[in-house]
Each structure stands twice: as structure tokens, then as C-alpha cells.
Amino acid sequence: MWGNLSPGECTALYRLVAGSARDLVLKLDRRGRVVDASPASARLGLAFAGDPVGRHLLELFHPSCAHAVIEAHRAVQAGEIEDSGWIEVLAQVQNGDQQWFELKLGPLPHDGGTVGLLRSIEDRRALEDQLFTAAMTDPLTRLSNRDAFVRMLQHLIDAGAHGHVALFDLDHLRTLNLRHGHSGGDRVLVAFAHLMQKLMGPDDILSRIAGGTFGVLLTETAETEAASACYRILEALDAASPTGHSHLHLTASAGLAPFDNTPDATLRAAELALVNAKARGRNRLERAETHHRQWGMAIGW
């Protein structure tokens, strides 16, 4: 297929395709139209399902990728760059879905055309998604972790959203771990996470912050409504916990704060409220100080 290439073209082509036998190699004219192609298009599963010769390069990709592809082709044609580097592009495949590929363009010195290399990156992107999910997920409860929680709070604040952050911390978790082992403590954490998920609203966001501490983002929620949601969780845990000499009665403390200008300020206020709830006897909700006001209420006391 490539027997009509000049030595210079072959050298440029080799630099692009060395070690890439599964990739689609495209020879383009000055206007970006495909004049020759390797037989890899069927293996890649692209929607045209055959020979792309005669098609313009832009026909292969989603319109959202057009600007990046055009600019890369222009820069290569103008001799501004030796190659475009890898560009991520979206293309339709034979089953109608869209998949991500990466494209690299380089000059063909013999006739002023361009050579392109197209490869699938679906596996890589799937792995990246898995790694991202793992990095943002608490492995015990499968909730999002503190890093994800802070990022989501930052996004809400940047978007101008209003709402509250509630922090819940299981009381006497260390005692529970000493009495029943860390496996017993882990079971309690998972059960508490499930309880919170059942009682939260559909738009609330729950994360495990650290240890026995959980955070909830109550978006577009007024103070009274947010406090009521917190009381439901504390009361449900208190009511569900076994009593008796052989069991540790489970309770939690909570701190509530409105969204502030930054995630740090918001979380600091909620954490101070939580500390205050612990100091005032646990099993209660305390609100962050605002205009020198503060209120709290114990559960069942």
C-alpha cells in the first residue's frame, strides 16, 4: 500500500508507526483529504467500516474536535512544528456509540502532504476512570472520600450555590474498636453509612471524611431544613442502637455550617461546631457560630 512513498516519506512514516501495528495510518493531501490508508480501520471499529480514502479528515471525528484537528494540520503544513503531538478526538464506531481516539499528524516532505496516526485510547481512558474513581472513593464504605468532598464543595461554591455542610462523627468509636476489634468498628461504619444514605435527600451528597467522620453537602437547603435532616439521622441511629450491658450504645454528634467563601472556611466552621457538640455531651447537633449566635440540641436528653 505504501510502495509509492519517497524515502523521506517512509522515514517520516516510520517515526510515527514504529511499534504501532494496530494503529490506523493515514496519508493526507494538503487540504486534509485522505489519499491512502493502512487496513486498520476495521480493527478500530470506526463507523465508516472500510476504506477512508477520499474522505476529509474532519469527516472521521465529532465536530467538537474540528478546531484542534484543523489547527494541528495547519501548523504541520506550515512547517511550524515537526509533529502535532497526540490530540484526543471523539469518533463514532460501528455500533453507533462514540469512542475516544488519539491522533498525531506529521509532515510528508516529498509532496507537502501529511501523515496521520490514529489509535484507540478507550482502554487507557477506562483505566484512568477506574484510577480516578479509586482515588476519590473510600474503600470501606464505597462513598466518596474527603478529597472528592472538598472538590465538590469547591465546585458548588464557585457556582454560587447556597446550602450547608453537616459533619457527623460516631461517638466513642475508639472504645468500640477496643471492645469489638477494628472489624467490628468497620461493620458499624458501613452500617452508619447505609443508614445515612437511606435518610438523605436525593440531591444530598455523602462522603466519608476520615475515621468515623462523615460529611454531607445539603445544597440549596435552608438552615431549618438542614437541621431537620441532621436530627433525623441522629435520632435514627440512637433509636436503632441496641442497649444493654453487653453492647455499646451507638450515637453520633454533628456540626452544621452554611457554605462560606471557601471550602476551608466552610469545613473549619462545621468542624468547630462538631467539636462543640462533642464537648457539650455528644449525641447532639451544634450549629456554627454566625453573628455570635449558636444553638444546639441533644438527642433524647
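Guide: Let's start with a definition: a crossing is left-handed if the near helix is turned anticlockwise from the far one by less than a right angle, and right-handed if clockwise. What you see is a predicted model, where local features need pLDDT of at least 70 and side-chain atom pairs pLDDT 80 or more, while totals for chains, interfaces and linings use all residues. Residues are numbered from 1 along each chain as its sequence is written, and side-chain values use heavy atoms, without hydrogens and water.

Visitor: Okay, in which sense does α5 pass α8?

Guide: That one is a right-handed crossing. (Helices, H or I of at least four residues, and strands, E of at least two, are DSSP runs numbered from the N terminus.) Look at α5 (residues 146–158) and α8 (residues 263–279): they pack at about 115 degrees, with axes 9 Å apart. (Axes are lines fitted to C-alpha atoms, for helices over the stretch in contact; angles run from 0 to 180 degrees between N-to-C directions.)

Visitor: Which residues of α5 and α8 meet?

Guide: On the α5 side, find Arg146, Phe149, Val150, Leu153, Gln154 and Ile157; on α8 they meet Pro263, Thr266, Leu267 and Glu271. (Contact is heavy atoms within 4.5 Å.) By class, the residues of that contact are six nonpolar, two polar and two charged. (Ala, Val, Leu, Ile, Met, Phe, Trp, Tyr, Cys and Pro are nonpolar; Asp, Glu, Lys and Arg charged; the others, Gly among them, polar.)

Visitor: What order do the strands of the open sheet have?

Guide: Strands of a sheet pair through backbone hydrogen bonds, parallel or antiparallel. Here five strands run β2-β1-β5-β4-β3, with antiparallel pairing. (Pairing needs at least two DSSP bridges between the strands.) β2 (34–37) and β3 (87–92) are at the edges with a single partner strand each, so one side of each has no neighbour in the sheet. From one strand to the next, the twist averages 35 degrees. β1 (residues 24–28) joins β2 over three bridges, and Leu26 stands opposite Ala37 in β2.

Visitor: What packs on the sheet?

Guide: Helix α3 (residues 66–77) does, touching β1, β3, β4 (98–107) and β5 (114–120), and its direction makes about 15 degrees with that of β4.

Visitor: How many cavities of 30 Å³ or more does a search find?

Guide: One. (On a 1 Å grid over the protein atoms alone, a cavity is a set of points where a 1.4 Å probe fits but cannot get out; lining residues have an atom within 4 Å of a point. The lining has nine nonpolar, no polar and one charged residues, including Phe168, Asp204 and Ile233. α7 gives the most to this lining, with three residues.

Technical notes:
On a 1 Å grid over the protein atoms alone, a cavity is a set of points where a 1.4 Å probe fits but cannot get out, and a pocket is an open set with protein on both sides within 12 Å along at least five of seven lines; lining residues have an atom within 4 Å of a point. Grid points are joined across faces, edges and corners, and a volume is the space filled by probe spheres set on the points.
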